[in-house]
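Reader: I have a protein model to look at. Can you take me through it in short steps?

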Amino acid sequence: MDTKFAHDDGDVVVIIGSGAGGATLGNELAQRGVKVVILEAGKHFTLADFVNDEWAMFKKISWLDKRISAGGWHHTKTYPNLPAWIVKAVGGSTVHWSGVALRFQEHDFHTRSTYGAIEGANVLDWPITLAELAPFYDLAEKKIGVAGAAASGQPPLPYNNHAKVVAEGARRIGYKNIVRPAATNSAPYDGRPACMQIGFCMQGCKIGAKWSTLYTEVPRALATGNAELRPECMVLKIEHDKDGKASGVLYVDGNGKQQLQRARIVCVAGNSIESPRLLLNSASSLFPQGLANSSGQVGRNYMNHATAAAIAIHKGPVYMNRGFDIGAVVADEVPLNAKRGFAGGYYLEGLALGFPYTAAFIKPGGWGRDLASALENYDRMTAIWVCGEDLAREENSITLHPTEKDQYGLPVPIVTKTYHDNDNAIAAHGLKQFRALSEAVGATRVIDMPAYPASHNMGTNRMSAKASDGVVNKWGQAHDVKNLFVSDGSQFTSSSAANPTLTIVALAIRQAKYIADAMQRREI
């Protein structure tokens, strides 16, 4: 029988969101005997619900509630109501993620110390170091089963054609650090099968070879008897008592009825848009700027990587859609190198796109001879995504629309983003290098594309040593509210050039230990 906790049980830890942060935290706590309620706004799908069809799955799993793109980025024209490409379902964006599992570099935790003050940016050092997080990276890689990582013992995935072409082009222009750390089983691991190279990884892995909390952390948490999952439950507000301590969570259940779940601790893990939105919506007379927002930093410093994308058309067939969706990942441009004219670095990630996505992303909302002639050569394409460090900027933010409401009666979030000159320089450098490596292996045409809607959402509730600089401390614990935690990528102080999921999981494992120990000592 499934575990059920009473709404008036004030001893539970309520976790909002079931993605990489929320579900990992929930399972880690449940394994330690802590009572957990996981609230998820989306539906609870199973592997049987996944179909190998890009648009069918995009419509089924994506977060399509209205959001408004604002600021100077191209999304205001190309994707005005879809600034982010994330999932609204149990498992969160671990259902959709490509599976690139990269660690942060040492300097990523010390951007202010490393770069100094940068005009137009709000860079800050993390209150933790790589050395502190390293053992939790090991645990995360083992948990996920990262192919090619020593911690998991999983051999690397075999290279498909797409990976081979990108890697060979990289070598020909002098790159040497070509990697492919993938969160997909190269051999049976942890009760999950080996990757069958189906190629629809971002639509939800049909066989469960790719790690997703949907079929790993969530069912394992439930199996302990210490956790309850409540899907289709949209959280409206975090309540607090007269002393400012979080006391419960108000939400709308799947039947449209408002419920109040009491809580000993509340952990927010709804992604970098919904998490600050919830804190802002939880404003009160005690917290007039929003819950945990005495610094005014809730919703600020939104990052989603300095990105660009391109495709190359080759003389012969490549069939990039066949096999695991991530081709070779070129890491030579990640180390610091001031001679390039920008702070930070970037990865060139071979990211295979299915035909429908390729058609949609080359020229969003457009058509014409150039697009049609490119699509005729889809079987000869390679594709790349530039994934570079995105500098924190205070004006890049999540704010609440003053009048427009969503279906729950909540203000629609406005996602404001304007690239820093440093971001533009990274993107331009990456596109130039992809063109060079593609032409080195005989590409006949290279087409630069606008960046896709953001799937790497970070910042907005950042970690800081001083309460005045951010929202949470080194444990993801709100500076203003001792029993309120942030457990997703919104706690990131800098973006790094690395895909964020592995770091979110490592932080969640670390945070779970801190919370469980503090609860045992009756400190929270």
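Reader: What percentage of the 524 residues in the protein is buried?
Author: This is a predicted model. A residue counts as buried when its relative accessible area is under 20%. In the protein, which has 524 residues, the buried share is 62%.

Reader: Which radius of gyration does the protein have?
Author: The chain forms 12 helices and 17 strands. For 524 residues the globule rule gives 24 Å, and the protein comes close to that, so it is as compact as a globular protein of that length. Its radius of gyration is 22 Å.

Reader: What share of the contacts with a separation of 6 or more comes from residues 24 or more positions apart?
Author: Contact here means heavy atoms within 4.5 Å. Take the contacts in the protein with a separation of 6 or more. Residues 24 or more positions apart account for 74%.

Reader: How many residues apart in sequence are the parts that W97 and W211 tie together?
Author: There are 19 aromatic pairs. W97 and W211 form an edge-to-face pair, 6.2 Å centre to centre, with 85 degrees between the planes. W97 lies in the loop between helix 3 and helix 4, and W211 in the loop between strand 4 and helix 7. So the pair ties together parts whose separation in sequence is 114 residues.

Reader: Is W211 buried or exposed?
Author: The cut-off for buried is under 20%. W97 has a relative accessible area of 8%. W211 has 0%, so W211 is buried.

Reader: Over the ring of which residue does the charged end of R322 sit?
Author: Look at the charged end of R322. It lies 3.9 Å from the centre of a ring. That ring belongs to Y319.

Definitions and conventions. Residues are numbered from 1 along each chain as its sequence is written. This is a predicted model: local features need pLDDT of at least 70, side-chain atom pairs count only at pLDDT 80 or more; totals for chains, interfaces and linings use all residues. Side-chain values use heavy atoms; hydrogens and water are left out. Rings of Phe, Tyr and Trp (its six-membered ring) pair if their centres lie within 6.5 Å; planes under 30 degrees apart count as stacked, over 60 as edge-to-face and the rest as tilted. Helices (H or I, at least four residues) and strands (E, at least two) are DSSP runs, numbered from the N terminus. Buried means under 20% relative accessible area, exposed over 50%, partly exposed in between (1.4 Å probe, protein chains only). A charge sits over a ring if NZ of Lys or CZ of Arg is within 6 Å of the ring centre and within 35 degrees of the ring normal. The radius of gyration is taken over C-alpha atoms; the globule rule is 2.2 Å times the number of residues to the power 0.38.
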